[in-house]
Amino acid sequence: MLKRIHKVAVLGAGTMGARIAAHLANAGVPSLLLDIVPPDGDAKARNKIAHAGLEAAIKSKPAAFFEPSLARLITVGNFEDNLGWVAEADWIIEAVAENLEIKRSLLKKVEAARRPGTIITTNTSGLPVAKIAEGFSEDFRQCWFGTHFFNPPRYMRLLEIIPTADTDRAALDAIAHFADLRLGKGVVYAKDTPNFIGNRIGTFSVLNAIRLMQELDLSIEEVDALTGSAVGWPKSATFRTIDLVGLDILTSVVSNFLRNVRDERSELEAPSFVHQMLERKWLGDKTNGGFYKKIKHEGKEERLGLDWKTLEYRPQQRPKFAALERAKQVEDTRERLRMLLAGDPKKDKAAAFLWTALADLWTYSANRVPEISDSIVEIDRAMHLGFNWEMGPFELWDAAGVEPTVARMKKEGRAVAANVEKLLASGKKSWYEDAPSSPSGRAYFDPCTDGYRPVQVPVGVWSVEVAKKAKGVVKKNAGCSLVDLGDGVACLEFHSKANSLGGDIVQLISQTLKPGGPGDAFDAFVITNDAHNFSVGANIMLLLMWAQEEEWDEVDLAVRQFQAMTQAIKFSPKPVVAAPFGMTLGGGCEISLHAAARTPHAELYMGLVEVGVGLLPGAGGCKEMLLRAVDAATAVRPDGRGESVEIMEAVKRTFETIGMAKVSMSASEARHLGFLSEGDEIVMNRERVLADAKARALEMVRAGYKPPVPRSDIPAPGENILATLKLGIHLMRQGDYITDHEVKIGNKVAEVLCGGRVSPGMPVSEQYILDLEREAFKSLAGERKTQERIQHTLKTGKPLRN
């Protein structure tokens, strides 16, 4: 039996400590947040520092809490008056200043206050974990290890766990299990070496990129263009990321690296211009200036870039690399990488930079096994989860081709890691290979055994890609696949660009769910995928073309087909479970609303955003939100009166949600907005969404699932509530808060939600509301302003604000 974690004590209310406590609150876990008593604090202000840390977490952007009210789960205190509280905790996390003596001094006091057997860990980002607890009691050392969270803890999924020689395995397993299921973390086991895994590889990569920038005479903008999405790394790339994190934080990690690491690349160091930036307090976003700086120029915001040679700001420059422009047309990162590396480094600075940066990264990473980790998998996962790299170093190497790149490195006289020599000597040509029978679907090359071993994953960690390898694809078209998940459950997977919803997805879902279709072989369905976002909504390009050419029959048919699909999901005799995550917008939200149940990921950015392009939800989104509003009001006042205050307030909230295109910033908020039901269980770990959705579907099958019956008894809010909503719209226009076009949009939304101009409480059917939706949608699609909004959105990716 694993030790259960019911309460946590966090020692240190700085940026990391307060945000760790916030994420514990996100998981529903109460915590204690303690810090020092301020030197000048009076009796009433002894918790001032802890309070300030909590307040900073509440106000932080991006938000540390799923919703601000969760701060109630955190109790603040101080080390002098309240250290005895740690006896209540099942896990104590030390997160004070990165100073060995400060940590040891505090932990000596904690040792006397804690209950024997209480797990205690350090969030140090690089100090020797074993040394911090040197000389402490045996019980303390057995329960002691490192848990290195990455900032911000809510969003960065990596948790490095660093055991010592004395750590009890049961304590490690308890925290790993808790972090996985309750905190949504991807756990990576690191060795007790300087900067552990993520920061060791990341620091080398940054310092090497700066070195190459100087050698090749590149600008910061050019380096960012080459180290961003072009190679599957975050758009913030190198220098924009440093501005986000803070140059002071980076140099602190770099200092630890330079002070304690002795390896083949110890010559790397932070250049003089970085030290000058530190002296001038040019730390990044926190000081309104770092490698980039925003200014107001002629009433508009302008971004400046730093010239690292002169330390002067000038207008941000657009990098001009022909190879990079060509590569942008290639969607697959692996293919794009190979294209970029194929350039001639003597003629192409982009190719020269990328080839040297990646060759150095591969060699450096390969030489770190088994120094910092026993396997290449932990290194790849650390960079994927902690730095948001699409592929870790060894996955990147496989994508580029291990054999040809090693041959090129040898030809150029570059050092080649012994571990890659072992790989090639064994007759293998890649660090990873498919292993369909393994729960992870992959095996990795282990240099210690000169053979492949299955990549181990916790039970319940799964993906659609792995399911495909194990069971295969039943049916597929350009935008959607029907995948066998086993046990009578199938998955409808989107794989169009940005998972936008087009005719191919509508067609396969409809075909699958109708009698006699490919879905007959299954008992239940899950709708989800492995992408970053569930779906950004309907593909509006075709709609724009039809509207401009006044092909209204095509528009009408498309909306009818979309509505038929969502109704097929809702009234399917077999349960359909939606597992949304990330951006779930417009039509993606409508699909989720019609499912029999939902197993959403905690990071859910869900909304009916159609008004942003001048439309309204046309595939049943208005209908489903109206049903939720009416049912919620009826639950409060079940007399069926259409004009009740409860119905008025419920419809008003729904109107605001749709009319203001509200998007949830978490699954918790999505529930408050009405997009999720109380029975929809939120999944904290993104890698568990598929398995949990399948389990929910099977649970519904075993319970004897019965589909809902189409309703014809919906009490229409009616003309009186419609008049109230329209009055509010009129007043908004009078106050110049909205445009004439937005008045038209708002009135159409109000008319659909109220069931048109009918008597309050008049029974209407679901189909009646769908018909109102469709006609309103077509009416708005014909507006010139709507078409302008759609064009702007397609061009910029952002809705037009009038």
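Visitor: Which element gives the largest share of the lining of the second largest pocket?
Guide: In this predicted model, that share comes from α24, with seven residues.

Visitor: And which other elements give two or more residues to that lining?
Guide: Besides α24 (621-636), they are α23 (587-594), α25 (645-659) and α26 (667-672).

Visitor: How many residues line the second largest pocket, and which lie nearest its centre?
Guide: The lining has 29 residues. Glu624, Arg628, Gly674, Leu676 and Ser677 lie nearest the centre.

Visitor: What is the volume, and what is the lining like by class?
Guide: The volume of the second largest pocket is about 660 Å³. Its lining has twelve nonpolar, eleven charged and six polar residues.

Visitor: Changing topic, how many residues are in the largest nonpolar core?
Guide: That core has 110 residues. Those with the most contacts inside it are Met213, Phe239, Phe273, Phe291, Phe353, Trp397 and Trp431. Helix α14 (residues 349-366) gives the most to this core, namely eleven residues.

Visitor: Take Phe273. What is it in contact with, leaving aside neighbours within four places in sequence?
Guide: Phe273 is in contact with Ile210, Met213, Gln214, Phe291, Trp308 and Leu311. Of these, Met213 and Phe291 are also named among the residues with the most contacts inside the core.

Visitor: What does the second, separate core include?
Guide: It has 56 residues, including Ile540, Leu608, Ala750 and Cys754.

Visitor: On to the backbone. Where is Pro370, and what kind of peptide bond joins it to Val369?
Guide: Pro370 is in the loop between α14 and α15 (376-387). The bond from Val369 is cis, with omega about 10 degrees. Another cis peptide bond joins Lys61 and Pro62, where omega is about 0 degrees. Pro62 is in the loop between α2 (48-59) and β3 (74-78).

Visitor: What is phi of Asp217, and where does that residue lie?
Guide: Phi of Asp217 is near 55 degrees, a positive value in a residue other than glycine. Asp217 lies in the loop between α7 (198-216) and α8 (220-226).

Visitor: Why does Asp217 count as partly exposed?
Guide: Because its relative accessibility is 41%, between the limits of 20% for buried and 50% for exposed.

Visitor: And Asp450, what is its phi?
Guide: Asp450 has a positive phi of about 60 degrees, although it is not a glycine. It lies in the loop between β13 (442-446) and β14 (451-454), and at 43% relative accessibility Asp450 counts as partly exposed.

Terms used
Residues are numbered from 1 along each chain as its sequence is written. This is a predicted model: local features need pLDDT of at least 70, side-chain atom pairs count only at pLDDT 80 or more; totals for chains, interfaces and linings use all residues. Side-chain values use heavy atoms; hydrogens and water are left out. On a 1 Å grid over the protein atoms alone, a cavity is a set of points where a 1.4 Å probe fits but cannot get out, and a pocket is an open set with protein on both sides within 12 Å along at least five of seven lines; lining residues have an atom within 4 Å of a point. Grid points are joined across faces, edges and corners, and a volume is the space filled by probe spheres set on the points. Helices (H or I, at least four residues) and strands (E, at least two) are DSSP runs, numbered from the N terminus. Ala, Val, Leu, Ile, Met, Phe, Trp, Tyr, Cys and Pro count as nonpolar, Asp, Glu, Lys and Arg as charged, and the others, Gly among them, as polar. A nonpolar core is a set of buried Ala, Val, Leu, Ile, Met, Phe, Trp, Tyr and Cys residues joined through side-chain atoms within 4.5 Å. Buried means under 20% relative accessible area, exposed over 50%, partly exposed in between (1.4 Å probe, protein chains only). Contact means heavy atoms within 4.5 Å.
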